[in-house]
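Me: Could you walk me through this structure, one question at a time?

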Amino acid sequence: RRAAAPRNRRVADETADRLAALARMLGSLRTETPVMDAYRRTFRALTEGGELAAWDEAAAAWRDLGNRYETAVVLVEAAGAALASNNRPGARSRLREARAIADDLGAAPLRARIDDLAARGRLTDDAAPPGEGGGAARAFGLTRRELDVLRLLAGGRTNQRIAAELFISANTVATHVTRILTKLGAASRTEAAAKARESGLLDAPP
């Protein structure tokens, strides 16, 4: 994920080198077991484009093994792939299964990751909720999605980076930014970020 940011070119290069080394290591292993097959399918999905079908194959392999935690982890990645192709129903169904597993296992960090992806993918209610900058957001008339964009904008993200993180187009981000500036009465992104901080819009965790 860090490698995806253009400014992290060094990290991207290091990541590519490590993945290549892992691919060579995996290729050198001659052990063929169901567990190794599941790992191979997961690694293939990770390194060969991340197509939804590849992630689903990996999830099925872990599911067949009865490894619920790895199944849920891979389902989250599959949901991300579904969102990237604008397959929102597919993303919802995979996150629903992953969330049920995470709840049953008491895997709080995984549940937090699932909820974060659901929020970024706009798979939740669009209204700004109480406890998430809700009062201030309502005072300015911000929607949940505008609040998501504002948080990333205040963090210095470009429109392209915001688009990638929220699974929307750069043009949609530009529209949200324009509306945010208007609602906050700000003349620039910097001023909008400053007003957001002063108003408590950014107090809640993203």
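Reply: Happy to! Let's start with a term: buried means under 20% relative accessible area, exposed over 50%, and partly exposed in between (1.4 Å probe, protein chains only). This is a predicted model, where local features need pLDDT of at least 70 and side-chain atom pairs count only at pLDDT 80 or more, while totals for chains, interfaces and linings use all residues. Residues are numbered from 1 along each chain as its sequence is written, and side-chain values use heavy atoms, with hydrogens and water left out.

Me: Is Leu65 buried, partly exposed or exposed?
Reply: Leu65 sits in helix H3, residues 52-65 (helices are DSSP runs of H or I, at least four residues, numbered from the N terminus). Its relative accessibility is 34%, so Leu65 counts as partly exposed.

Me: And Glu165: buried or exposed?
Reply: Glu165 belongs to helix H9, residues 159-166. Because its relative accessibility is 14%, Glu165 counts as buried.

Me: Which residue's side chain makes a polar contact of 3.1 Å with that of Glu165?
Reply: A polar contact is a pair of N or O atoms within 3.5 Å; within protein, one must be able to donate a hydrogen and the other to accept it, and residues adjacent in sequence count only if both atoms are side-chain atoms. For the side chain of Glu165, the partner at 3.1 Å is Arg157.

Terms used. Helix = DSSP H or I, 4+ residues; strand = E, 2+ residues; numbered from the N terminus.
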